[in-house]
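Me: I've got the model open and I'd like to learn how to read its features. Can we go through a few together?

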Amino acid sequence: MDSESRNNMILGEEKFRYFCLEFLKHSQDIGDDWEWKNVQGEEEGYLSKTCYQTRVTKSDDGKKHEQEDEILSTITLEGDHEVEDDDNCVLPQGSLQSEVINYEYHVLYSISYQAPVLYFRASFLDGTPLTLDAIWAKVHDSYKPRLLHGPWETITQQEHPILGQPFFVLHPCRTNEFMSSIQGSASREGNYITSWLSTVGPVVGLSLPLSYGRTV
Amino acid sequence: MASQSPDTGDKPKLQFVPFASALDAGFWHQLTQKKLNEYRLDESAKPIKGYYYNGDPAGLPTRLTLEFSAFDMSAPTPARCCPALGSLYNTNTLDSFKKFDKKALLDQAANEIWEAIKSGAALENPVLLNKFLLLTFADLKKYHFYYWFCFPALCLSDGIELIKPPVSLGEKFSKTQVIEFQKAYDSFCQAEGGAPHPYFLIGNSGDSFSMAPLQKLEEFYTEKDKVTLGVYDPCTLAQYPGWPLRNVLVLAALHWGSRVQSIEVLCLRDRTLQGERDIKHSISFEIKLPQVAQSQACPKAVGWEKNQKGGMGPRMVNLSECMDPKRLAESSVDLNLKLMRWRLVPTLDLEKVISTKCLLLGAGTLGCNVARTLMGWGVRHVTFVDNAKISYSNPVRQPLYEFEDCLGGGKSKALAAAEKLQRIFPGVTAKGFNMSIPMPGHPVNFSEETMDQAAKEVENLEALVAEHDVVFLLMDTRESRWLPTVIAASQKKLVINAALGFDTFVVMRHGLKKGKQEEANDSHSGVPGSSDLLGSSLFSNIPGYKLGCYFCNDVVAPGDSTRDRTLDQQCTVSRPGLSMIAGALAVELMVSVLQHPEGGYAVASSSDDRMNEPPTSLGLVPHQVLVKVCNVLPVSLAFDKCTACSLKVIDQYEKDGFQFLAKVFNSSHSFLEDLTGLTLLHQETQAAEGYSGNMNV
């Protein structure tokens with residue numbers, strides 16, 4: 001076998017499905033919220049996970065929408081129909097304000113790269129997306145140096161091939177290369193999706209419980 | 001904890017945590033699609049669907065989530081979540097959003113819930129208790145979405161009295177009981193189809209538990225006195241239940257009030273962390289059932305969500321960043337450029353390039369190609385100056401123009417080019433000035449008017465040069481480059497010059513003059529003139545301020561070059577591919593200069609420097625690049641083991657056609673290597689290497 005074919009760890013689409021199913025099985029066992037989604041009637045689908053993170057807001061680093069606030073206050077004032085305030089059975093919410101961020105991770109198969117591709121986005125609870133810079137800011141410091149030199153540094157923006165909405169994408173151009181060093185080094189046949197996700201995931205705030213590694 | 005209101009006695013009252021709406025970006029995308037393609041001007045209620053989850057870690061708000069699938073009523077509810085059904089009212093104008101009768105809307109929804117409770121329909125289908133309303137206005141010009149959620153809840157006038165305050169399940173149950181409870185709950189859900197139940201009845205004797213749907217109350221409880229209501233509870237607070245409990249308590253009061261005075265409530269919270277399932281943080285408490293009668297009118301209802309500021313009012317979300325195609329194009333262009341930095345040139349200062357304002361003098365074949373390459377680099381500010389109109393011969397060579405632009409005498413090149421740039425990428429600020437540049441040897445003194453005109457043109461050009469950072473000389477005559485060369489030298493702006501011959505071209509940067517003061521100091525210290533240059537090797541290490549301009553190598557002043565020439569000498573006749581190469585090189589030269597810490601003052605790299613450490617992340621920063629089309633002419637022979645054009649491959653292809661191709665597509669690349677003999681060659685080479693290795697030992 002020549003060295004090139006060893007260095008080029010490609011993943012066929014059937015294998016991709018198989019590894020995803022295995023991955024899902026374990027996810028279900030441990031309640032890790034991964035799901036397989038497909039659009040109505042289409043065979044094509046993707047692995048998906050949504051999770052929420054919360055932190056207490058400081059008054060100055062929340063979203064700034066002064067102009068919008070103004071528009072809204074006029075709406076409220078102009079409202080012809082006074083909406084009744086809550087009764088005393090409602091817990092006052094004042095102390096509960098926190099910033100909640102919704103992270104969405106989708107794993108799709110790329111035919112051209114013959115590799116899985118991680119699509120992700122993050123938004124506040126009203127759907128306002130976080131910029132890439134804001135997402136970076138939330139990446140754990142210990143990963144940041146690696147970000148600039150690792151194989152997963154290539155983040156770009158693309159339309160989600162199934163949903164048609166803009167997502168950030170970890171570009172798959174070097175996936176095969178670094179996966180072969182992971183999968184190929186030892187002779188063990190691990191779950192490709194598990195090894196791959198545990199490598200690229202932490203970069204964008206996605207971590208896998210260790211138990212995934214023990215299953216296959 | 002529970003509040004003590006003086007007007008309702010001393011007994012503590014139960015308080016509920018309202019839903020917080022959670023809309024993912026996909027929901028707004030889908031709403032936009034629906035509005036454009038389906039609802040259009042229809043403001044009537046549309047059924048939508050949300051869900052809530054009881055497995056959140058502590059600290060998360062009690063959410064009702066709507067995602068892109070909210071409009072698809074047949075879409076499955078996400079695993080382990082409970083569905084909530086809603087009505088969407090999408091108004092056509094902000095005004096009708098404002099004027100919508102919110103009270104009537106809430107009253108109507110409350111009535112439906114009340115009717116479902118009275119009729120018993122909600123006993124069989126408890127989802128009817130969890131309705132929501134969503135009022136929206138989508139401003140699709142600005143991608144602003146106004147919305148107001150309502151989670152209707154029927155109010156019992158005196159509130160609900162707490163008999164036993166909330167305790168966690170961990171406190172209430174033994175370990176065995178917790179495990180047995182989980183088992184019983186799981187098999188109950190399995191029996192009913194696997195999905196969780198929003199509400200259910202709980203029976204308990206000792207360590208064993210059982211569950212049943214609400215309508216089975218009579219059969220389920222044999223003892224007369226105790227009812228335990230289970231609720232799938234999305235709240236994470238230890239002392240309070242979430243919103244879904246509210247309406248079911250009205251149902252309980254109405255249907256079970258005659259049977260029991262009080263009920264026990266178990267708010268089930270079921271989370272899994274790192275593979276560990278846990279329900280011990282569920283809470284349990286006991287309440288007194290209030291009096292509710294079939295005959296009474298629909299109770300008062302509340303439920304409009306407060307906005308972020310805690311007031312009663314709508315919310316607004318601005319999604320232009322992820323929905324406005326123009327904004328998307330901009331961020332995609334920038335991110336794509338950043339890929340270059342992340343992968344190949346980590347120290348590349350893109351901001352410097354993107355923020356550079358470029359003045360393109362000439363919007364012909366060179367101008368078009370320079371502009372396109374500038375756009376490729378993400379440059380946002382491009383200005384064209386040209387006095388010509390687009391003629392029929394132009395579009396094939398000048399990539400910013402089309403046939404249509406030539407009709408009716410032709411559009412102005414400068415204006416058309418600017419307009420086209422904007423169409424290619426709306427993120428660019430492009431302007432065009434249809435004006436001439438006065439030239440040596442082209443008299444302007446025919447009349448006072450022509451003199452004024454020329455003075456004005458000079459003034460305009462001076463102003464334009466002052467407004468920009470880099471001036472590109474891309475005209476078709478030598479003398480037209482003179483005036484901008486003078487002005488730019490005086491204003492100390494970087495000049496990039498490209499000039500085409502028939503099959504040669506030169507791309508150069510003009511030397512960037514130092515300030516007068518600095519120059520004076522300079523000549524003070526050294527011998528005047530260029531003697532310091534003569535001392536060193538002739539053309540090495542020439543600093544940027546000593547570099548020549550386009551006219552430095554000529555000993556005649558520019559004059560009218562278009563007079564007394566044959567046609568092919570008058571206008572630039574060059575091989576068509578040349579301007580693309582030259583235009584691209586001109587921009588690359590600019591970018592390299594910008595990356596150099598000294599910018600236009602950078603020492604000129606020469607051919608000899610190719611072996612040395614390059615001065616910028618993008619390599620050399622030359623003074624001039626002179627190219628003849630056929631520059632490097634390598635020759636290679638066809639390889640008899642080529643995987644594409646060797647006889648073996650072509651033969652197979654011609655003989656077996658697609659069958660052969662399919663084999664190639666479906667197998668690893670060793671198939672082609674085996675076929676052509678490359679594999680054998682590799683093996684032989686390896687063997688030979690091994691052999692010679694042994695020889696050395």
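Reply: In chain A, among contacts between residues at least 6 apart in sequence, 61% join residues at least 24 apart. Ground rules: this is a predicted model, where local features need pLDDT of at least 70, side-chain atom pairs count only at pLDDT 80 or more, and totals for chains, interfaces and linings use all residues. Residues are numbered from 1 along each chain as its sequence is written, chains are lettered from A and ligands numbered from 1 in the order in which they are written, and side-chain values use heavy atoms, with hydrogens and water left out.

Me: How many helices and strands does chain A have?

Reply: Helices (H or I, at least four residues) and strands (E, at least two) are DSSP runs, numbered from the N terminus. Chain A has eight helices and six strands, in the order α-α-β-β-α-β-β-α-α-β-β-α-α-α.

Me: And what do chain B and chain A bury between them?

Reply: Buried area is the accessible area (1.4 Å probe) that two parts lose on being put together, summed over both. Here that comes to about 5,800 Å², 57% of it on carbon and sulfur atoms. Chain B puts 74 residues into the contact and chain A 64 residues.

Me: How many salt bridges does the rule find across that interface?

Reply: The rule wants a side-chain nitrogen of Lys or Arg within 4 Å of a carboxyl oxygen of Asp or Glu. It finds two between chain B and chain A. Glu67(B) and Lys37(A) form a salt bridge through their side chains, at 3.0 Å from N to O.

Note on methods: Contact means heavy atoms within 4.5 Å.
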